[in-house]
Amino acid sequence: MSSTLTQPAGTSPIDVVIMAAGKGTRMKSSLPKVLHTIGNRALLRHVLDTASSLQARKAVVITGHGAEQVEAACQLENGASLGLEFARQEPQLGTGHAVQQALPHLADDGVVVVLSGDVPLTQADTLFHLLAASGGDKLALLTLEMPDPTGYGRIQRGTAGNVQAIVEHKDATLEQRAIREVYSGIMAVPAASLKRWLARLDNNNAQKEYYLTDIVRFAVQDGETVVAHQITDAVQVAGVNSPVQLAELERAYQRGIAHRLMDEGVRLADPARIDVRGDLICAHDVSIDVNCVFEGQVSLGQGVKIGANCVIANAVIEAGAVIHPFTHIDGEKLGVTVGEGSLIGPFARLRPGARLEAEVHIGNFVEVKNSTMAKGSKANHLAYLGDATVGERVNYGAGSITANYDGANKHRTVIEADVHIGSNCVLIAPVTLGAGGTVGGGSTITKDTPPGSLSVARGKQVSIANWSRPKKAPKA
């Protein structure tokens, strides 16, 4: 999510370090953990988007397991505004060891924000508050209180309230384990201080790892103030270690989107039953029924109504249009446009390149691909329009198709204004049907038809009197 805050002028540059080296054994998947998705975007991409929202100078991604795959995915999805660099952690000897690998990429004049590639829902506003607490010269930790802090590092505070240490769960005493304030894994720290403290790490602990959290102890030993910015929203710092946790964060992510849409005036029949896997922009008085999925870039105009169980991807639905239940719209790279006041579905399919103008009707089991339909045209039942240009007020009959593919090449069908096409017609492209013409039901049209004409192309009907159907032979 983008932030409403901006980095104050004159503050230190921000460099982001993202730890993304873990294998994610509990995911039970060959795909690196940070490339699993929430909202159809990789966990790591969510974190990179947050780094961009911070106006970070650069992001250093620490890779290990599946490093080449992770790095390739980052470069493919990275926005041009964010400098992106990589550091390898091999072998993986703990969080402190991971950040040590990033040090050659970090200038001393910056403030380093340490994030995790499997913690996707941290908001930029939260990190701006953390940076404000750091002030550019202090170590600042993002913390929260948890009813069950098992497994998390505990925050030890002094009498003045400043942080004195972080104690990892496996190293904590029973008294320390009773502390409910925990370290989230996110910190902001001056780069020069970070380098100095990381040089003092050792692995004298229960896990024999180099803990990044030990730098808190070093800061206190050096007389530095360590501060904490405490939040209450655990979702922002929740990580993914299993398919169950991935699904839980998916629902949390979707709840956040649903609440934002409703705050903007969208009517959702059930906010628990919508999935947005891209960017959904809605004007006023949009209503969306249950079990709808939106992918890619989707825009819904004022008063649009989306029926239940629709899947819509990469499409513009203009004002007043109604998408009836079980409709599938997928614009892919070419996009789909549905004009004002159009009626689509139920059980319709609009494929890439469908461009429908105002008041077009597409009914049940009708498919439209790479075709334009001008104002007021209708294809209400069981039809296919592919690679066609359809004029205004055309009526396209049930069971009719454009035969647009000759086995090697696609060809276009042009249907001019006010043409009426009867049921079960085949229009073999390339062909043009002149304005105002009529095509009789059951016709196969292979040649252009003149304007205003009736065109019929079918075999002569033959009736045989007193004909008997074949009968089955009697059973032996």
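Predicted model: local features only at pLDDT ≥ 70, side-chain atom pairs only at ≥ 80, totals over all residues.

Visitor: How many helices and strands does the protein chain have?

Guide: Eight helices and 36 strands. Both are DSSP runs numbered from the N terminus: helices are H or I with at least four residues, strands are E with at least two.

Visitor: What is the radius of gyration of the protein chain?

Guide: It is 31 Å, whereas a compact globule of 476 residues would be near 23 Å. The radius is taken over C-alpha atoms, and the globule rule is 2.2 Å times the number of residues to the power 0.38. Along the principal axes, the C-alpha atoms fill a box of roughly 105 × 70 × 40 Å.

Visitor: What share of the residues is buried?

Guide: 47% of the 476 residues. Buried means under 20% relative accessible area, exposed over 50%, and partly exposed in between (1.4 Å probe, protein chains only).

Visitor: OK, cores. Which residues have the most contacts inside the largest nonpolar core?

Guide: I288, F294, L300, I306, L350 and I362, in a core of 61 residues. Helix 8 (residues 243-263) gives the most to this core, with seven residues. A second, separate core of 38 residues includes A56, L84, A140 and V227. A nonpolar core is a set of buried Ala, Val, Leu, Ile, Met, Phe, Trp, Tyr and Cys residues joined through side-chain atoms within 4.5 Å.

Visitor: What does L350 touch?

Guide: Leaving out residues up to four places away in sequence, L350 touches H328, I329, D330, V336, V338, I344, L356, I362 and V368. Contact means heavy atoms within 4.5 Å.

Visitor: Switching to helix 3. Which of its residues are buried?

Guide: In helix 3 (residues 95-102), they are G96, H97, A98, V99 and A102. The cover over them includes strand 1 (14-20), strand 4 (58-63), strand 5 (83-88), strand 6 (111-116) and helix 6 (191-198).

Visitor: Now charges. How many salt bridges are there?

Guide: The count is 25. The rule is a side-chain nitrogen of Lys or Arg within 4 Å of a carboxyl oxygen of Asp or Glu. One of them pairs E71 with R88, with the closest N and O atoms 2.7 Å apart. That pair links distant parts of the chain, E71 in helix 2 (residues 67-77) and R88 in strand 5, 17 residues apart.

Visitor: Is E71 buried or exposed?

Guide: E71 is buried, at 13% relative accessible area. R88 is partly exposed, at 37%.

Visitor: Last topic, the surface. Which residues make the nonpolar patch?

Guide: F326, F347, F365 and L382 make a patch of about 410 Å². Patches take residues with over 30% relative accessible area and no salt bridge; like charges are joined within 9 Å, nonpolar side chains (Val, Leu, Ile, Met, Phe, Trp, Tyr) within 5 Å. Areas come from the Shrake-Rupley method with a 1.4 Å probe; for residues, only the protein chains shown count as cover.

Visitor: Where does F347 lie?

Guide: In the loop between strand 21 (343-344) and strand 22 (349-350). F347 is partly exposed, at 39% relative accessibility.

How values were computed. Residues numbered from 1 in each chain as written. Heavy atoms only, no water.
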